[in-house]
Amino acid sequence: MAPLLNFLLASLLGSTIAACSLDAHIKKAGKEYFGVATDPNTLNIPEIASIVDQEFGSVTPENSMKWDSTEPSQNNFNFAKSDILVSFAQSHNKTIRGHTLIWHSQLPNWVTTITSPTVLRAVLTTHITTLVTRYKGLIHHWDVVNEVFNEDGSLRDSVFLRVLGEEYIPLSFRIAHAADPDARLYINDYNLDFSGPKLEGMVALVNRLVQQGVPVHGIGTQAHLVVGNGAIPYFRGTLERLVSTGLEVAVTELDVRMAVPVTEERLRRQREDYALVVKACREVQRCVGVTVWGVSDKHSWVPNTFPGQGAALLWDEEYKKKLAYEGVESALA
Ligand code: G3I
């Protein structure tokens, strides 16, 4: 009961974006939104709900729209968590980036064991159509395919590639487009932050899709970065390479992790790194918005995946703004 009460209380907090919010700043700079990843498990925390409400104009479901949450067994759809996120967004005037329809990870076993192209095509069609139709008109961007590349720019092994070949990618976009022709459809990946084969693989695939008339509208660059990583100064160049395809681009999962425990020096460098990334989006006309991958360091995915690293977000574990927040503000001033 307590989490539900917390959630309701948090939902009752003001729903007007403060004039000095990150979202207001980025809109003044001509962009569409400053967004954040969240879900019912973090929105349940009043401090988080309040920050999401006051600072951000867009939300991305961190986990609740993934295949293992929404269709854990065949045709058995569960929208309990994603509906909470969507209803929060509606009542607090946020747009939504849907994440994600087709991904090799967080994919239930009943999908990964399919070997028949006919069966997989039907399963993929049902999954995409059901999700996109449920939230038709409510989701402004969908990450249709996520992380389809290896680091060398070739397509990543997955049940989709093994059984259907590259064709699963245009197929997924066409199905999503048929279900909601107004949603902007994205291909999303990480490690596109420096020049190299993965970035070029993305550009080449998108060019092929565009030539084939596939309804793909944007490229998401996740931007899971590391403090002091040499790639960050080149971030603007990689955005420009991505928009050379003619598509728009969005920074979709920004965080900048560091070795822990944190030091003042690392926090200062993190402020500069955040500033560089956000400034790059600001300066590249077809970069439409920035999403950070969570509110507080307390709930970030980073320490679980990279032991010894953390502190990647804009608010610390006590929900206090970090220097990184100032870095973002300065880039948008
Ligand atoms: O839902 C179960 C819960 O029932 C169980 O009690 C708990 C115990 O550990 O685990 C819960 O599942 C976790 C899930 O997050 C929901 O909290 C998984 O273990 C955990 O692995 C999962 O991590 C997510 C990760 O994707 C999975 O790959 C992170 O929260 C999420 O931030 C992360 O997000 C991805 C993007 O979708 C794609 N790009 C990379 C990014 C970071 O990995």
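Strands (E, at least two residues) and helices (H or I, at least four) are DSSP runs, numbered from the N terminus; strands count as paired if DSSP finds at least two bridges between them.

I note that this is a predicted model, in which local features need pLDDT of at least 70, side-chain atom pairs count only at pLDDT 80 or more, and totals for chains, interfaces and linings use all residues. Residues are numbered from 1 along each chain as its sequence is written, and side-chain values use heavy atoms, with hydrogens and water left out.

I then checked individual partners. In β6, G220 is the bridge partner of N188. Strand β4 (residues 141-146) runs parallel to β5 and is joined to it by five bridges; V145 has I187 as its bridge partner in β5.

I turned to E253, listed by UniProt under "active site" in an unreviewed entry; such annotations may be inferred rather than shown by experiment. E253 lies in strand β8 (residues 248-259). Because its relative accessibility is 4%, E253 counts as buried (under 20% relative accessible area, 1.4 Å probe, protein chains only). The side chains of E253 and H224 are joined by a polar contact of 2.7 Å (a pair of N or O atoms within 3.5 Å, one able to donate a hydrogen and the other to accept it).

Notes: Buried < 20%, exposed > 50% of the residue type's maximum accessible area, 1.4 Å probe, protein only.
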